[in-house]
Amino acid sequence: MKSHLGPVTRLNAAMHAGFFLLLAASVARFVAGHGLSGATPLILVLTGALALVYVAGILSWDMIDRWRPVWLTAVIAVWLALVVAAPSFAWCAVPLFFVCLQMLRPRVMVAVVVLLTAATILAQLRIASGFDPSLVLAPVAVALMATMTFLQLDSDRRKLGEAVKALLGARVDLAQSQRLAGMMKERERLAREIHDSLAQGLSSMRMLLQAAERSWDTDPELAKAHVSRAVEAAGDNLAEARRFVRGLGSPRLDAGDLAETLKELAEQIMFAAMHQVRFETSGDPYPLPPAVEAALLRVAQGALANVSEHAKATKAAVTLTYLADKVVLDIRDDGVGFDPASTRASGDRGNGMRMIGERLAELGGEMVVESAPGEGTALAVAVPTREIR
């Protein structure tokens, strides 16, 4: 049985203290009864040897398992020599019961406990003036109680370990269940999004093409009109799919360079819309936390998508400014503009601005939008960096 109780536990401390108290009481009793002559010097030497061996075991309690039986054998051997020379040392067996119980396997433990109990009984009978049943029954009772108490404690410890293991397993299962529930909820959301956008668009295209097929021979002009509308629907659906993918994709920074990534993003989006774009940085760049970089990139994605799809702009400018206590992203265009006060949450720009505001709020940032019909749009977002640098 491998020990699971170290010298710092209260039970171990009590048993070790009890051993030394019983040892001191036994040597004091012997010296008081026999003086310092005769066998007393030998008893004192054996007592000192037993104390030193026991202390050595306490100080090296975490010794390799195969050496513990050697140490315990040495302790018991010295104790037996003391009991043979002075039976009054027999009651030191009580704390030794505890040591044996926690260090030895069950079969070996029982054999050693029987040996200690027998030695205690024989020692008590040697110094008794006559036979007294209590001299036999008392050591047996003490050994039995100590053994059963330890076995019960060991059983409770093992059950507690199993309960803790089961609890940890339950926590893992709960975490997995929550993760799966989150995945299922996200899948349901994506299913609704796909159904309401992409699937509806594809259904419209199918109906238009079927109508064109039915009128292909009888009314070619009408069939061409259906095909043209299907082409327009395909373009709208493709744009919707791209917006959908942009909303799902995680922002990716090239080699961790936010400025370079924003520049490439601006050029890519604006080139596709045949606009002119100017990107520039201001201030001395410094590293930003990933959350801040991702938020700024998301803001830029949404804002530039609005410029490309709604602003009808010919020019745009993106500026990333590093200040001492914050980083600022400005996006300006010369498009048709809009009235920020009249933008509804159900509109594309309303949703975009709302999501930008929510993302910035998580980082303690702020957003300012300046626009008016026919006067273009200027968007400025600022994220504090003093506390996170």
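Helices (H or I, at least four residues) and strands (E, at least two) are DSSP runs here, numbered from the N terminus. The model is a predicted one, so to speak of a local feature takes pLDDT of at least 70, side-chain atom pairs count only at pLDDT 80 or more, and totals for chains, interfaces and linings use all residues. Residue numbers start from 1 along each chain as its sequence is written, and side-chain values rest on heavy atoms, with hydrogens and water left out.

In the unreviewed UniProt entry, "transmembrane region" is assigned to residues 13-31, 43-64, 70-101, 108-128 and 134-153. UniProt positions are given in the numbering used here, feature names are shortened, and such annotations may be inferred rather than shown by experiment. Two of these spans can be set side by side. Residues 70-101 are 78% helix and 0% strand, and their end C-alpha atoms lie 15 Å apart. For residues 108-128 the figures are 95% helix and 0% strand, with 30 Å between the end C-alpha atoms.

Next come some single positions, sorted by relative accessible area: buried is under 20%, exposed is over 50%, and partly exposed is in between (1.4 Å probe, protein chains only). Leu42 sits in helix H2 (residues 40-59) and is partly exposed because its relative accessible area is 48%. Leu42 is 43 residues from Ala85 along the chain, yet their C-alpha atoms are separated by 8.6 Å. Ser134 belongs to helix H6 (residues 134-214) and, at 37% relative accessibility, also counts as partly exposed. Between Ser134 and Ile121 there are 9.6 Å in space, C-alpha to C-alpha, and the two are 13 residues apart in sequence. Ala241 is part of helix H7 (residues 220-248); a relative accessibility of 23% makes Ala241 partly exposed.

Pro287 falls in the loop between strand E1 (276-282) and H9. With a relative accessible area of 73%, Pro287 is exposed. Its C-alpha lies 9.0 Å from that of Asp257, 30 residues away in sequence.

As for the cysteines, Cys92 is buried because its relative accessible area is 0%, and Cys100 is buried with a value of 0%. A disulfide is taken as a pair of cysteine sulfur atoms within 2.5 Å, and by this rule the count is zero.

On to the strands, where two of them pair if DSSP finds at least two bridges between them. Strand E5 (377-384) and strand E3 (326-333) pair in the antiparallel sense over eight bridges, and Arg332 stands opposite Ala378 in E5. E5 also pairs with strand E4 (residues 366-371), again antiparallel, over six bridges. Here Glu366 faces Ala382 in E5, while Ser371 has Thr377 as its bridge partner in that strand. The hairpin of E4 and E5 has five residues between the strands, and within the hairpin Gly374 takes a positive phi near 85°.

A cavity is a set of points, on a 1 Å grid over the protein atoms alone, where a 1.4 Å probe fits but cannot get out; lining residues have an atom within 4 Å of a point. Ten residues line the largest cavity, and Ala303, Val307, Asp333, Met353 and Thr377 lie nearest its centre. The elements giving two or more residues to this lining are helix H9 (290-311), strand E3, helix H10 (348-362) and strand E5. H9 gives the most, with three residues.

By type, the lining of the largest cavity divides into six nonpolar, two polar and two charged residues. Nonpolar here covers Ala, Val, Leu, Ile, Met, Phe, Trp, Tyr, Cys and Pro; charged covers Asp, Glu, Lys and Arg; the others, Gly among them, are polar.

Terms used:
1 Å grid on protein atoms, 1.4 Å probe; cavity = no way out; pocket = protein on both sides within 12 Å on 5 of 7 lines; lining within 4 Å.
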